[in-house]
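Please take a moment to look over the sequence and the 3D structure shown here.

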Amino acid sequence: MSASPAREPTPEIPPDLPQDPRRWNREQLKRYFTANQDEYGLEDDDIELIYKNNVRGRHLLKLTEEKLCNHPYNLSGGGAATVMDLISEVIKLQRQTKTQSRAEKDEDINIELPNKRVRLELDYRHLGYDSIEELCDRLTEPFPEFVHCPSVDELDDMLRTPLSVSLPYASDVDPNILASHPYLIPRHFLALSTFKDISGLLGAILLPRGIFLSGNQNEDSFHVIWDTIIRETLTLFSGNIFLEFQRNGRDVHDSGKTTAQTRPDFLCWMDQALVFRGEEKSSPEMLPIARTELESKFGEWTPLFYGQLPFVLAYATGGCVIQFYRIMPGGQCQTLSHNLFNASLPSNRLSIFRTTINILRCLKTLKRLIPSDRPLRLFYEYSRPKNVTLTIAPSTVLKRMPSLAVSEDLRNLYEMIWCQRPKNIINLAKQPKYGRTITFLHLCPVGFHPRLRSISELRHAVQGILKGLHWLHQYDYVHRDLRWANVIQDMEGNVRLIDVEYAAKEGVVEDDNILRHWPTMEGGMYLKGIDVYSVAKMMGEYSSLLGGENGREGYTFMTRLERGISTEDALKDRWFLD
């Protein structure tokens with residue numbers, strides 16, 4: 001009997017992900033890879049490298065095995081091939097689903113109602129557009145480019161601009177609501193097919209909710225209301241701009257301290273810049289408190305977080321009442337007085353929908369002011385391997401990690417960093433808090449990964465790395481995880497080593513925990529020379545900058561580093577004197 005052919009694996013797509021993989025954010029893409037890593041043999045580190053490089057669904061068609069094997073991804077050959085297999089499979093499945101859906105629609109048109117195709121064309125002509133993509137583009141067309149920063153009154157009027165595109169809706173609508181929102185087309189033929197997502201969103205917005213009739217509601221009770229009207233509207237109509245959202249669902253950490261003092265309740269980033277935020281409270285009487293928190297949680301305005309934006313948009317809620325604002329670079333919260341609504345009224349909920357659409361138009365106008373190398377995502381909560389999370393605040397980074405991962409040697413290292421504040425190592429804004437299960441680190445300063453474009457910038461970065469290593473090595477510590485992802489530059493230009501959680505005393509043997517970024521070592525022993533060797537490998541990633549008349553000295557210096565010379569000797573090399 002002949003053996004049956006081996007079964008080709010079929011990727012699993014988590015059911016709550018958007019049907020179109022191009023709309024996946026980096027968290028959703030990571031979940032897709034994680035769901036299939038056992039079946040396809042994908043390593044955790046490969047998934048994390050994709051995640052750390054901010055790859056999203058819209059980038060999938062641009063990736064190749066060659067790109068994944070090179071900087072900045074640096075995946076292994078097998079890992080790159082596996083990632084590309086998973087990408088090609090999900091794209092193929094999406095196209096098959098789309099083709100099947102079109103075939104089913106054609107069958108309905110041709111069989112159930114012979115004259116339906118004619119009627120379809122007439123309905124499209126009546127709407128003024130012939131696809132949901134064209135609808136979204138026309139509805140969220142950017143405002144004219146701002147010649148100057150609009151006044152608060154001008155912006156207030158912009159956000160009240162009537163919607164000029166008709167929206168199909170499946171059900172009847174109260175005539176009084178239609179009088180205020182004439183863009184709705186009740187009982188439209190296409191609302192249950194082509195435009196069912198839009199009709200469904202409008203139905204969710206108009207849905208009567210018992211929460212408006214009951215008292216003693218807490219803040220969480222209203223989350224679904226604001227997420228439906230604001231977040232879902234932004235998601236559905238965002239089109240070719242990529243927005244990311246997070247909600248501050250953790251009011252109290254294990255440390256017993258509230259994060260509500262520092263992190264807004266609702267956050268929206270565009271190209272990593274925090275462009276829209278919200279504060280929510282449980283009753284109308286608390287609306288002034290929510291407004292105050294918009295200012296108190298604002299922090300410092302810097303291009304590191306906001307690019308060249310002239311302002312950011314915001315809202316505050318108290319129970320079912322919502323007020324929209326803009327926040328200026330100085331932190332002043334300016335009221336958009338005509339954009340105050342009571343969401344218990346269906347017509348007002350549609351007005352909030354209209355304001356949200358116009359906020360999206362405003363964001364599209366501002367998009368050009370966000371630099372291509374992208375700011376840091378302020379207040380974003382990053383997930384890292386081994387149950388580590390990072391949250392970037394205006395002046396610190398909050399790191400939460402399992403206390404079991406913090407050795408006695410690491411505690412001693414934190415204590416030295418706290419006391420000495422070395423210039424080329426990430427510092428601590430306050431002493432670490434070692435909880436029973438979670439350790440909390442408040443790291444400072446906030447910085448960005450160096451963007452090296454010249455040999456002088458490479459020389460400055462390598463010198464800072466070696467100075468940081470020299471400080472560690474003088475106390476017999478080795479970093480053990482040296483790569484560009486673990487290097488930042490602060491606002492004063494200092495290059496600093498970060499992520500010292502893998503650091504340990506020289507000579508520690510950990511057979512079961514060899515990091516994939518280190519060369520293989522007999523006995524699993526980490527030495528100072530391997531730290532220096534790793535710096536040479538980091539330089540090699542920028543070999544293109546070592547050309548010209550200074551190139552030979554740069555390559556000679558790399559050779560010395562590969563031999564594991566001391567950091568003291570490395571810092572005296574003539575390459576730094578040019």
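The paragraphs below visit a sheet, some aromatic rings and a helix.

This is a predicted model, in which local features need pLDDT of at least 70, side-chain atom pairs count only at pLDDT 80 or more, and totals for chains, interfaces and linings use all residues. Residues are numbered from 1 along each chain as its sequence is written, and side-chain values use heavy atoms, with hydrogens and water left out.

Let us start with the sheet. Helices (H or I, at least four residues) and strands (E, at least two) are DSSP runs, numbered from the N terminus, and two strands pair if DSSP finds at least two bridges between them. Six strands make an open sheet here: the 6 strands come in the order S3-S4-S5-S6-S7-S8, with mixed pairing. Strand S3 (243-247) and strand S8 (333-342) are at the edges; each has a single partner strand, so one side of each is left without a neighbour in the sheet. From one strand to the next, the twist averages 20°, with axes taken as lines fitted to C-alpha atoms (for helices over the stretch in contact) and angles running from 0 to 180 degrees between N-to-C directions.

Now follow strand S7 (residues 321-327). S7 pairs with S6 in the antiparallel sense over 7 bridges, and Val312 has Ile327 as its bridge partner in S7. These two strands form a hairpin with 2 residues between them, where Gly319 in the turn has a positive phi of about 65°. S7 also runs antiparallel to S8, joined to it by 6 bridges. Here Ile322 is partnered by Phe341, and Ile327 by Cys333. S7 and S8 form a hairpin too, with 5 residues between them and a positive phi of about 95° at Gly331 in the turn.

In a regular strand, side chains alternate between the two faces of the sheet. In S7, Val321, Gln323, Tyr325 and Ile327 point one way, while Ile322, Phe324 and Arg326 point the other way. Are these residues buried or exposed? All are buried, where buried means under 20% relative accessible area, exposed over 50%, and partly exposed in between (1.4 Å probe, protein chains only).

Next come the aromatic rings. Rings of Phe, Tyr and Trp (its six-membered ring) pair if their centres lie within 6.5 Å; planes under 30 degrees apart count as stacked, over 60 as edge-to-face and the rest as tilted. By this rule there are 21 aromatic pairs. Phe266 and Tyr315 form a tilted one, 5.7 Å centre to centre with 45° between the planes. This pair links distant parts of the chain, with Phe266 in strand S4 and Tyr315 in strand S6, 49 residues apart.

Finally, visit Met538, which lies in helix H16 (residues 528-540). Met538 counts as buried because its relative accessibility is 3%. Leaving aside neighbours within four places in sequence, Met538 is in contact (heavy atoms within 4.5 Å) with Ile465, Leu482, Arg483, Trp484 and Val487. The C-alpha atoms of Met538 and Trp484 are separated by 6.8 Å, although the two residues are 54 residues apart along the chain. The buried residues of H16 pack against several elements, including helix H15 (455-473) and helix H17 (551-562).
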